[in-house]
Amino acid sequence: MTTDRIRPRHQPRAQAETRTQTQTQENDVTTGATVWLTGLPSAGKTTIAHELAGRLRAGGRRVEVLDGDEIREFISAGLGFSREDRHTNVQRIGFVAELLARNGVLTLVPVIAPYADSRNAVRERHAKNATPYLEVHVATPVEVCSVRDVKGLYAKQAAGELTGLTGVDDPYEEPESPELRIESQHQTVQESAAAVSALLSERGLV
């Protein structure tokens with residue numbers, strides 16, 4: 001009586017390499033973080049965020065940019081611009097940012113967030129979950145912002161068509177001790193993005 005021997009089937013080399021590569025990627029969990037860029041309207045926050053996002057993606061990082069206008073349209077629709085509504089909007093953005101960052105995404109948030117207590121609440125949410133959080137103050141003077149006037153807000157305010165413009169007839173509370181302060185009027189967008197990238201590198205986040 002003969003007994004057939006069952007021989008193990010060898011995996012194709014390419015398949016074995018693919019599996020090994022996948023396992024390595026799964027084990028190499030990248031730390032996420034939230035980078036909140038606060039500043040006046042037309043300070044350059046969104047432009048810097050998208051330049052930085054491009055750099056980070058080129059380096060293989062998972063990146064999301066939470067645009068304030070998009071959040072207003074899709075998540076905070078119905079909110080106005082009272083202090084209470086602005087606070088609620090910032091907390092919603094902070095929740096989404098922390099959730100993404102906690103799951104390994106570098107999350108860039110170019111949102112004004114004019115009130116210190118709102119920003120502090122977002123920072124505390126991140127700290128509670130041990131999620132890295134960096135505050136970047138894009139400290140462009142209102143005189144420069146009003147000349148840039150990307151969305152025409154300053155012109156509308158001057159013409160009496162708009163009230164409650166942050167930094168003009170509505171308060172903006174500057175951060176007292178941000179992780180980084182950028183004066184965008186004195187450097188290029190690329191230099192500003194490089195400064196934030198250097199901060200991330202210094203903190204071991206890229």
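**The whole chain**

Start with the cartoon: the protein chain has eight helices and five strands, where helices (H or I, at least four residues) and strands (E, at least two) are DSSP runs numbered from the N terminus. Follow the sequence and the pattern reads α-β-α-β-α-α-β-α-β-α-α-β-α.

Before you click further: this is a predicted model, in which local features need pLDDT of at least 70 and side-chain atom pairs count only at pLDDT 80 or more, while totals for chains, interfaces and linings use all residues. Residues are numbered from 1 along each chain as its sequence is written, and side-chain values use heavy atoms, with hydrogens and water left out.

Of the 206 residues, 40% count as buried, meaning under 20% relative accessible area with a 1.4 Å probe, protein chains only. Take the contacts (heavy atoms within 4.5 Å) between residues at least 6 apart in sequence: 76% join residues at least 24 apart.

**The largest pocket**

Select P41, D69, I112, K151 and L153. Of the 36 residues lining the largest pocket, these are the closest to its centre. The pocket holds about 870 Å³ of space. A pocket here is an open set of points on a 1 Å grid over the protein atoms alone, where a 1.4 Å probe fits, with protein on both sides within 12 Å along at least five of seven lines; lining residues have an atom within 4 Å of a point. The volume is the space filled by probe spheres set on the points.

Next, colour α2 (45-58), α3 (68-74), α4 (83-102) and α8 (189-202), the elements that each give two or more residues to this lining. By class, the lining splits into 16 nonpolar, 13 polar and seven charged residues.

**The second largest pocket**

Which helix gives the largest share of the lining here? Go to α5 (residues 116-128), which supplies four residues. The pocket has about 160 Å³ of space, and the residues that line it include R119, R123, E135 and E173. Its lining has three nonpolar, two polar and six charged residues.

**Last stop: D170**

Find D170 in the loop between α7 (153-158) and β5 (180-182). Is D170 buried or exposed? Its relative accessible area is 17%, so D170 counts as buried. Show its neighbours too: leaving out residues up to four places away in sequence, D170 touches R86, Y115, G164 and L165.

Technical notes. Buried < 20%, exposed > 50% of the residue type's maximum accessible area, 1.4 Å probe, protein only. Nonpolar A, V, L, I, M, F, W, Y, C, P; charged D, E, K, R; others polar.
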